[in-house]
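Let's take a look at what holds this one together, from the inside out. Have the model open while you read.

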Amino acid sequence: MLPRNFAVIVVVTFISVLCYAKQRQTKPALYVADALNLIDAYYVDPVEPSQLLSAALQGMTDTLDEHSSFIPSEALTTFHDSINQEFAGIGILVEQPEIGKPVQVITPLVGSPALTAGVMPGDAIIRVDGIDVSAQDIGLVSSQLKGPVGTIVHLTVKRDDAEIAITIPRATIEMESVIGDHRDENNHWVYYLATDPQVAYIRLTSFGDKTVKELEEVLTQLDNRFRGLVLDLRGNGGGLLYSAVDVCDMFLDEGKIVSTRMRGGDVNESFSAEPGTLVGPDKPVAVMVDGDSASASEIVAACLQDNHRAVVVGVRSYGKGTVQEIMPLQYGRSALRLTIARYYRPSDKNIHRLEDASVDDDWGVRPDPGYEVAIDDATLEKLVKRWREASYPLLADSQREIPVLTDDRSSVELLENEQSEPSIDEKAPADAARASETISDGLLIDPQLRRAVEYIQGHSQLNEVPGEVAA
């Protein structure tokens with residue numbers, strides 16, 4: 001055979017393989033396109049093609065696990081804001097008690113432009129930039145309050161039957177994921193227990209882009225000036241895998257942290273601690289978890305438990321042992337959130353709770369023997385109230401309650417992660433001393449925290465720590 005003929009055969013074969021592969025990829029898409037065209041042409045009412053496409057993509061991901069989903073363009077910015085822990089707006093928490101009635105301010109956030117401008121809990125938002133929004137849906141009102149940093153929002157609110165005009169500059173609102181036990185007189189977080197200042201207390205509300213830096217700063221500031229440390233992961237639904245790995249590394253000099261396995265069960269990545277810690281090995285650590293502690297929270301709890309670096313206190317965690325990756329669609333205008341791997345604790349035990357899993361199977365993170373402590377609904381309600389009044393000082397002086405936030409997030413303007421807290425830049429007008437009195441009884445109302453402190457008191461090597469800790 002002539003070399004020229006052989007080359008032609010190779011090229012034709014290569015093109016044929018490409019065409020076959022392309023046909024296999026496009027054939028399913030043609031079915032979807034045909035359905036879209038038929039609906040567009042014959043359905044009794046007009047339908048936006050973009051809505052049909054979004055519904056089709058959502059339907060695909062609905063057949064997968066509960067953590068895979070389609071993220072449409074209108075929700076993608078909100079998703080990234082939650083992970084990045086910052087977004088642009090005026091900084092208010094809002095609700096709409098009744099559809100068709102004005103959106104109401106629950107509270108301005110600490111350090112927010114809204115707080116500085118004089119927005120108060122209970123204000124009803126009547127107009128935004130001169131547009132009547134008194135009957136608009138909370139999502140529409142929220143979108144009008146957001147905008148580029150440095151731009152101005154002209155609000156008209158109704159307060160005690162009077163209409164008040166307020167001008168507010170938009171700013172970057174940062175959401176803290178590392179919070180303390182209570183605030184001081186300047187509304188800065190205090191990372192020691194109010195009723196036992198020799199015990200450090202740190203609550204992680206999420207694992208975002210800034211969590212590692214925030215925790216490093218707090219631990220550096222504390223500088224091991226405590227008998228022991230309580231790391232509270234209750235209610236923390238997770239976040240970034242690498243953030244959880246770095247948090248674990250702050251407590252360990254060595255040891256395996258977590259491994260991930262992709263399709264087929266082969267180990268994809270394995271993470272281990274590097275020398276050096278921010279918490280001394282002589283300092284006892286108690287990690288608190290509950291049924292809402294998931295994903296990255298479970299990585300941290302399982303890692304410190306398996307490496308015998310901490311005792312786990314509370315109740316069994318949620319059991320979400322999967323890794324999701326955000327894959328862009330439409331040139332980045334929308335995205336797929338797909339489960340691509342499962343992760344395993346240092347002992348190689350499974351964390352993920354499968355649909356048919358029983359209570360006796362290996363999943364989640366169980367408290368250590370003797371440290372399983374349940375909380376009844378009444379106690380949980382008091383505990384949530386205590387956390388929220390510490391996070392939002394104005395609520396300590398008002399009769400308003402923060403509603404339970406859901407995945408819908410539509411009740412929150414500028415607080416896209418329901419368990420993240422705003423940054424603290426300035427003092428709020430609330431009486432901080434009074435707020436401190438309200439939340440200083442944490443050990444009295446929280447049996448899980450009491451058990452964690454008992455562990456620290458029984459395992460700390462020092463009878464006391466330097467006096468400046470209690471200052």
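## Buried cysteines

A residue counts as buried when its relative accessible area is under 20%. Cys303, at 0% relative accessibility, is therefore buried, and Cys248 also comes out buried at 0%. Keep in mind that this is a predicted model.

So what about disulfides? A search of the whole structure turns up 0 of them. The sulfur nearest to that of Cys248 among the cysteines belongs to Cys303, 3.7 Å away. A disulfide would need the two sulfur atoms within 2.5 Å, and Cys303 is in no disulfide.

## The nonpolar cores

The largest nonpolar core has 49 residues, and those touching the most other members include Ile202, Phe251 and Val287. Helix α8 (residues 296-306) supplies the largest share of this core, with 7 residues. Another core, of 18 residues, lies apart from it, with Val133 and Leu155 among its members.

Take Val287 as an example: leaving out residues up to four places away in sequence, its contacts include Leu231, Ala301, Leu304 and Val312.

## Salt bridges

The count here is 11 salt bridges. Arg234 pairs with Asp232 at 2.8 Å, N to O, and both residues are buried. Together with Asp446, they are linked in a salt-bridge network.

Arg345 and Asp306 also pair up, with their closest N and O atoms 2.8 Å apart. Arg345 sits in the loop between β21 (334-344) and α9 (377-391) and Asp306 in helix α8, so this bridge ties together parts 39 residues apart in sequence. Arg345 is buried at 8%, while Asp306 is partly exposed at 22%.

Terms used:
Residues are numbered from 1 along each chain as its sequence is written. This is a predicted model: local features need pLDDT of at least 70, side-chain atom pairs count only at pLDDT 80 or more; totals for chains, interfaces and linings use all residues. Side-chain values use heavy atoms; hydrogens and water are left out. A nonpolar core is a set of buried Ala, Val, Leu, Ile, Met, Phe, Trp, Tyr and Cys residues joined through side-chain atoms within 4.5 Å. Buried means under 20% relative accessible area, exposed over 50%, partly exposed in between (1.4 Å probe, protein chains only). Helices (H or I, at least four residues) and strands (E, at least two) are DSSP runs, numbered from the N terminus. Contact means heavy atoms within 4.5 Å. A salt bridge is a side-chain nitrogen of Lys or Arg within 4 Å of a carboxyl oxygen of Asp or Glu.
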